[in-house]
Amino acid sequence: MAKEEAPPISVSDNMNEPIGVVLEIAGSGSMIAIDLQRLNECGDDADPSIAMAGQVGSQVKIRVGNNWLLASVRNQRQDRKAGSILANIDFLGEGVEEKLTGRLHGFRRGVTRYPVPGSLVYPASTADLKQVYASDGRSAVTIGKVYPTKDIRAGIYIDAMLGKHFALLGSTGTGKSTSAALILHRICEAAPEGHILMIDPHGEYSAAFRNTGVILDVSNLQMPYWIMNFEEHCEVLLTSHGNERQVDADILAKCLLKARQKSRLAESMGKITVDSPIPYLLSDLSNEIQDQMGKLDKATTSAPYMRIKNKLEELKSDPRYQFMFSGMLVADTMTDFISKIFRMPSNGKPISIIDVSGVPSDITATVVAVLSRLVFDFAIWSREERTSPILLVCEEAHRYVPSEKDADGNSVGRILSRIAKEGRKYGISLGLITQRPSDLAEGVLSQCGTIISMRLNNDRDQAFVKAAMPEGARGFLDSIPALRNRECIICGEGVAIPIRVSFDNLEEAKRPASEDPSFVDLWNKTGGEEEIVQRTVQRWRSQG
C-alpha cells in the first residue's frame, strides 16, 4: 500500500523543491542555473509539467514577494565549471501565491516586479498551468490540449483573436486545412449568427462546411460585372502595358462613365462616378467605345478602342466567364448578392465558402479583389448602422498578398493590405492561411495579433515567423521544425501566454477534402481507366 502512495508524495516534493537559481536579470528575459541532479529527479515525476521542468519550451516559476513569476525556458547549455546547466528564460507574466498550497492563481501578463539574482527557481506544475490557461471570463473556444499536459484544454479568446487579425501558418501536409476547419467550426458553434467569408482556391472546404455554411462556386456565385470598380475593370479589360495602358485606361474611364450614366438608376442618383456600383449594359459600353471611335479624325489611331472592344467581346462570348459577364446579370442584384455572400441574415449558416477553383486563372485575383473590397466598402458605408463584424479568411494568402519582390501591382494585394492595416476600426477581421509566410507581404503578417504556427520546414519561413512573433515566445519558436502533424504554437492576443497545442480530432464529416492520397494503395488498383479518361476529357472540353 505504501508503494502506491509514493507518487503523490514525490509530486509535492518536486513541486516544493527548487531546481535552480537566478543568475542575472534583464528586461524581457534572464539567465538561470539549473541543478542537473534535480532535473533528473523531476524527469521521473508523474506530473508531465514537472517532468518537463527546466527543459527547452517548459515553464518555471520564481517567487517574488507574495507573487509567482512565470517564465519559459528558451535554451540550455552546460556550465562546465559549476557542473550545472545554464538556461535563458523569457518572462511571461505573474500570479498571486496561494498561501495554503503554494500554487499560483490570478495570472496576468506582464511583470510588475523582477526577481533579484539568487532567487530560487521552481518547476511549474499542471495545477499552476491550469490556473494560467483557465479562461478569464472572456468568450473562448477550445481547440485542443496544451502540450505536455494530458488534460488542460487549450482555449483561444475569440474577440481578441478576431479583433486584431490572425494568421495560420504551416508547411504542406502538416494538417493546416483540417486545423483551419476546426477553428472555424468552433467559431461557428460559438457564434451561429456570425458573418464569415472564406476564399477557397482549391475547393477543399466545401466538404467541411456543407451543413454549417453556403458553398458558392462558378455555378451559383452570379457575381455581377458592374459591381467592379474602375481599377478592377482595367485589370480585366486592358491587355496593354507601359504608355499604351494609360491611353487605354483614359478611354475606358470615359466610356464606362457614359455607360453607367445611361442606367435608369443613375438618373435618380444625380452625381455618379466611374467607381459607382451601378448596373450598366455591356452592349452600352461596347456601343460607347464604337461611337467614340467613330468621332476620331483620320490622324488618330483606333487601335486602343479596338483592343478594349475585342477584349469585351471575348469575355461576353467565352463560357468560362459566364458566372460574371453574363447578360443575365444586368439586374440590380447588389443587395441580394451582398446578403448572400456576407450571410446577412445568416439563418444558422454563418459561413460562406467562395470556391474560386473554377474561375479562369487570369481573373482569379480580380474576383478575390472584388470580394475583399466589398467587405471593406460595406464596413465603411454601414458605420451609421449597428456594427456587424465580418471575418474574411483567405487561404493560400501568399498568392494574393505577395511580398514586394513578387508583387505585380494587383488590386487584391492593395485591398488586403489595407484591410490588414485599417480593417480593425471598421469591424473587419482578416484570417490569413499560408504555407509560405516568407512570400507574404511583410507588413501584413506583422498586423496579425495572433499567430498560429504549425511545422515549417523552410529556414526562411522559420526566420520570418520568428521576426513577427512577440518576445516571450522565442523559446517556443525553436521547436517549430520539431512539431508533429496537427500540433502548433499559438502566441499573441488570442491566448493568455504562448502555448504549444495538440489539435483535437475533427469528425470525418467536418474535414476538408485535402487528404494525401496513398500512392501504393491506388497504384495497386486497376479497372475502368478508359472510362475515367473519357469522362475526364468530356468535362475538360465542356468547362464553363
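Student: Which residue in strand 6 is the bridge partner of Val-96?
Tutor: The partner of Val-96 in strand 6 is His-105. Please note that this is a predicted model, in which local features need pLDDT of at least 70, side-chain atom pairs count only at pLDDT 80 or more, and totals for chains, interfaces and linings use all residues. Residues are numbered from 1 along each chain as its sequence is written, and side-chain values use heavy atoms, with hydrogens and water left out.

Student: How many bridges join strand 5 to strand 6?
Tutor: Four bridges join strand 5 to strand 6 (residues 104-109), and the two run antiparallel. Strands (E, at least two residues) and helices (H or I, at least four) are DSSP runs numbered from the N terminus, and two strands pair if DSSP finds at least two bridges between them.

Student: And how many join strand 4 to strand 5?
Tutor: Strand 4 (residues 67-79) is joined to strand 5 by 12 bridges, again antiparallel. Asn-67 has Val-96 of strand 5 as its bridge partner. The two strands form a hairpin with four residues between them, and Gly-83 in the turn has a positive phi of about 70 degrees.

Student: Why is strand 5 described as largely enclosed?
Tutor: Strand 5 (residues 84-97) has 12 buried residues out of 14, so it is largely enclosed by the rest of the structure. Buried means under 20% relative accessible area, exposed over 50%, and partly exposed in between, with a 1.4 Å probe and protein chains only.

Student: Which strands pair with strand 7?
Tutor: Strand 1 (residues 20-25) pairs with strand 7 (residues 120-123) in the antiparallel sense over two bridges, with Val-121 as the partner of Gly-20. Strand 3 (residues 59-64) also pairs with strand 7 in the antiparallel sense, over three bridges, and there Lys-61 has Tyr-122 as its partner.

Student: Changing topic, what is the volume of the largest pocket?
Tutor: Its volume is about 480 Å³. On a 1 Å grid over the protein atoms alone, a pocket is an open set of points with protein on both sides within 12 Å along at least five of seven lines, a cavity is a set where a 1.4 Å probe fits but cannot get out, and lining residues have an atom within 4 Å of a point. Grid points are joined across faces, edges and corners, and a volume is the space filled by probe spheres set on the points.

Student: Which lining residues are closest to the centre of that pocket?
Tutor: Of the 22 lining residues, the closest to the centre are Asn-229, Arg-373, Leu-374, Asp-377 and Trp-381. Helix 13 gives the most to the lining, with seven residues.

Student: What classes of residue make up the lining of the largest pocket?
Tutor: There are 10 nonpolar, five polar and seven charged residues. Ala, Val, Leu, Ile, Met, Phe, Trp, Tyr, Cys and Pro count as nonpolar, Asp, Glu, Lys and Arg as charged, and the others, Gly among them, as polar.

Student: How many cavities of 30 Å³ or more are there?
Tutor: The search of the whole structure finds one, and about 40 Å³ of space lies in the largest cavity. Its lining consists of Phe-166, Leu-168, Ala-180, Ile-183, Leu-184, Val-393 and Ile-433. By class, these are seven nonpolar, no polar and no charged residues. Helix 6 gives the most to this lining, with three residues.

Student: Which residues have the most contacts inside the largest nonpolar core?
Tutor: Leu-285 and Ile-341 do, in a core of 86 residues. Such a core is a set of buried Ala, Val, Leu, Ile, Met, Phe, Trp, Tyr and Cys residues joined through side-chain atoms within 4.5 Å.

Student: What does Ile-341 touch?
Tutor: Leaving aside neighbours within four places in sequence, Ile-341 is in contact with Leu-197, Leu-216, Leu-221, Ser-352, Ile-354, Leu-371 and Leu-374. Contact here means heavy atoms within 4.5 Å.

Student: Back to the helices: which residues of helix 7 are buried?
Tutor: They are Phe-230, Glu-232, His-233, Cys-234, Val-236 and Leu-237. These pack against helix 8 (242-261), helix 10 (282-294), helix 11 (303-317), helix 13 and helix 15.
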